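User: I am new to this protein and would like a close look at a single part of it. Please pick one and walk me through it and its surroundings in one connected answer.

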Amino acid sequence: MTLPVAPTPIDELGIPPTINDPVNFNARADQHVQDVVDMVPQQNAANLVAYNNALIAYQAAVDAVTLLASTTAQAVNAAASASSAQSAAMAAQTAAGLPTLPNAGQLLKTAGAGVPITASTVLAVNTAYDVDTSAGAFSAPLPAVAVMGDWVEVSDWAGTFDTKNFTALNNGLKIHFLLTNFVADIKNLTVRFVYTGNVKGWAVK
């Protein structure tokens with residue numbers, strides 16, 4: 001990168017002639033004319049420096065615009081590549097019969113061993129529950145707030161869902177397109193609810 005150059009200061013003019021000093025008038029007049037003549041090349045040199053500095057500034061601006069355009073193009077290409085990769089991942093999920101989620105290709109989070117519950121409690125996202133209905137049927141609300149890809153898993157820990165049902169309450173979010181509740185009434189059932197968005201809500205797996 002070329003840096004601008006500081007101009008050389010122009011020599012100051014000498015003492016101008018004045019009628020109040022008639023003795024030195026002619027000599028000072030001659031010197032003043034010579035000073036003006038000498039100033040011309042200095043002024044031209046200063047003008048040239050200013051012109052070259054302007055060219056340098058212009059070229060720097062052009063380079064900056066070019067770099068910005070190149071960076072923007074790279075960002076657009078990177079975004080397109082990311083979008084293509086995401087589309088491919090979502091297509092693979094669809095082909096596998098899984099819901100198409102923004103976090104396609106990522107492993108679902110697990111909470112290790114299921115959380116045991118024997119009575120109603122608000123279920124939390126991305127958590128597995130071992131549900132014990134041996135003492136009696138009960139219900140529990142699904143999370144009231146969920147984002148696409150969140151999940152909840154419930155399992156028949158005591159093997160009593162067939163006689164003492166467990167009901168997952170919708171809690172304001174749809175379950176398979178409907179604002180309905182899900183009744184687990186099959187012995188030893190394990191079911192996973194995966195949130196897919198406002199249209200379908202919780203998909204049941």
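This is a predicted model: local features need pLDDT of at least 70, side-chain atom pairs count only at pLDDT 80 or more; totals for chains, interfaces and linings use all residues.

Analyst: **A close look at one strand**

Residues are numbered from 1 along each chain as its sequence is written, and side-chain values use heavy atoms, with hydrogens and water left out.

Q43 belongs to helix 1, residues 22-95. Helices (H or I, at least four residues) and strands (E, at least two) are DSSP runs, numbered from the N terminus. P9 is 34 residues from Q43 in sequence, yet their C-alpha atoms are 9.1 Å apart in space.

Now to the part I picked, strand 4. Six of its six residues are buried, so strand 4 is largely enclosed by the rest of the structure. Both of its faces are covered: one side has W151, E153 and S155, the other has V152, V154 and D156, and all of these are buried. In a regular strand, side chains alternate between the two faces of the sheet.

Which sheet does this strand sit in? It is an open sheet of five strands in the order 1-2-4-7-8, with mixed pairing. Two strands pair if DSSP finds at least two bridges between them. At the edges are strand 1 (115-117) and strand 8 (202-204), each pairing on one side only. From one strand to the next the twist averages 25 degrees; axes are lines fitted to C-alpha atoms, for helices over the stretch in contact, and angles run from 0 to 180 degrees between N-to-C directions.

With strand 2 it pairs in the parallel sense over five bridges; T127 stands opposite V152 and A128 opposite E153. With strand 7 it runs antiparallel, again joined by five bridges, and V154 has V191 as its bridge partner there.

E153 also meets R192 side chain to side chain in a salt bridge, 3.1 Å from N to O. The pair ties together parts that are 39 residues apart in sequence, because E153 lies in strand 4 (residues 151-156) and R192 in strand 7 (residues 190-195). Both E153 and R192 are buried. A salt bridge is a side-chain nitrogen of Lys or Arg within 4 Å of a carboxyl oxygen of Asp or Glu, and by this rule the count comes to two.

V154 takes us to the largest nonpolar core: of its 21 residues, L123, V131, L142, V154, F166 and W202 touch the most other members. Such a core is a set of buried Ala, Val, Leu, Ile, Met, Phe, Trp, Tyr and Cys residues joined through side-chain atoms within 4.5 Å. Strand 4 is among the strands that supply at least two residues of this core, and strand 7 gives the most, with three. L142, leaving aside neighbours within four places in sequence, is in contact (heavy atoms within 4.5 Å) with residues including V152, L123, F193 and W202.

Notes. Buried means under 20% relative accessible area, exposed over 50%, partly exposed in between (1.4 Å probe, protein chains only).
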